[in-house]
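Please keep the sequence and the model in view while reading.

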Amino acid sequence: LESGVKVWHLVKNHDHGDQKEGDRGSKMVSEIYLTRLLATKGTLQKFVDDLFETLFSTVHRGSALPLAIKYMFDFLDEQADKHGIHDTDVRHTWKSNCLPLRFWVNVIKNPQFVFDIHKGSITDACLSVVAQTFMDSCSTSEHRLGKDSPSNKLLYAKDIPSYKSWVERYYADIAKLPAISDQDMNAYLAEQSRLHSAEFNMLSALNEIYSYVSKYSEEV
């Protein structure tokens with residue numbers, strides 16, 4: 001104002017001035033964004049479906065399930081039997097925490113870990129919605145939603161039951177596969193080591209370990 005210029009910010013009306021006018025403005029903004037959200041979801045729906053179908057399929061487009069997943073899931077079932085845990089929800093949660101929620105959610109939210117790309121704030125927000133849908137699909141709890149639920153959860157509300165059935169089918173299909181012996185698993189790991197031996201820089205790894213140990217030498 002001292003220089004004769006007044007700066008205006010594009011804010012929701014209820015941040016300044018009359019509250020009733022603000023409510024109306026806020027409602028209009030929400031309706032505009034909701035239309036855009038639905039349009040964007042429609043555009044991306046096939047890609048999201050393809051992603052979930054690929055991740056929750058034992059044999060998809062000619063690619064076989066990695067032995068390590070079958071071996072790990074069988075180990076979890078064995079531990080459940082050993083400790084007398086017969087609750088299917090517990091077994092389901094163990095498997096979800098080991099693979100989809102520990103590994104895939106991280107990749108979905110952070111594609112820059114795998115690909116040489118820049119992830120902007122808008123992309124990050126969109127991927128967070130997909131990741132949240134993915135997590136909801138792996139949950140065994142009932143998907144309760146109300147009028148106050150966030151819009152990103154409402155977007156995929158109708159799709160969640162279908163995705164949940166994919167996850168359950170995926171775990172059931174893995175359980176039906178032939179068991180992997182310790183010898184086969186060891187041979188598989190040895191083969192993986194041989195295939196990727198040229199990609200691993202031992203000196204670089206030792207340097208990283210040294211840097212870590214130097215920083216936490218007293219604790220170590």
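The text below goes from the fold to the aromatic pairs, the salt bridges and the surface.

The model is a predicted one, in which local features need pLDDT of at least 70 and side-chain atom pairs count only at pLDDT 80 or more, whereas totals for chains, interfaces and linings use all residues. Residues are numbered from 1 along each chain as its sequence is written, and side-chain values use heavy atoms, with hydrogens and water left out.

**Fold**

The secondary structure comprises 9 helices and 2 strands, where helices (H or I, at least four residues) and strands (E, at least two) are DSSP runs numbered from the N terminus. Along the sequence the order is α-β-β-α-α-α-α-α-α-α-α. Of the 220 residues, 24% count as buried; buried means under 20% relative accessible area, exposed over 50%, and partly exposed in between, with a 1.4 Å probe and protein chains only. Contact means heavy atoms within 4.5 Å, and among contacts between residues at least 6 apart in sequence, 64% join residues at least 24 apart.

**Aromatic pairs**

Rings of Phe, Tyr and Trp (its six-membered ring) pair if their centres lie within 6.5 Å, and planes under 30 degrees apart count as stacked, over 60 as edge-to-face and the rest as tilted. By this rule there are 10 aromatic pairs. One of them joins F52 and F56 edge-to-face, at 6.5 Å centre to centre and 75° between the planes; F52 is buried at 0% relative accessibility, and F56 is buried at 2%. In another, the ring centres of F73 and Y171 are 5.4 Å apart and the planes stand at 85°, so this pair is also edge-to-face. F73 belongs to helix α2 (residues 67–82) and Y171 to helix α7 (residues 160–176), so the pair ties together parts that are 98 residues apart in sequence. F73 is buried with a relative accessible area of 1%, and Y171 is buried with 6%. One aromatic cluster is formed by F52, F56, F73, F134, Y163, W166, Y170 and Y171.

Helix α2 also holds M72, which is partly exposed at 26% relative accessibility. Leaving aside neighbours within four places in sequence, M72 is in contact with C98 and L99.

**Salt bridges**

A salt bridge is a side-chain nitrogen of Lys or Arg within 4 Å of a carboxyl oxygen of Asp or Glu, and the count by this rule is 8. Three of these are listed here.

| Pair | N to O distance |
|---|---|
| D50 and K46 | 2.9 Å |
| K70 and D74 | 3.1 Å |
| R91 and D81 | 2.5 Å |

D50 and K46 are 4 residues apart in helix α1 (residues 19–55), separated by about one helical turn; D50 is partly exposed at 22%, while K46 is exposed at 56%. K70 and D74 likewise lie 4 residues apart, in helix α2, and both are buried. R91 in helix α3 (residues 88–98) and D81 in helix α2 are 10 residues apart. Salt bridges that share partners join D77, D81, R91 and K95 into one network.

**Surface**

The chain exposes about 16100 Å², of which carbon and sulfur atoms supply 58%, with areas from the Shrake-Rupley method and a 1.4 Å probe, only the protein chains shown counting as cover for residues. L203 lies in helix α9 (residues 202–215) and is exposed, with a relative accessible area of 69%.
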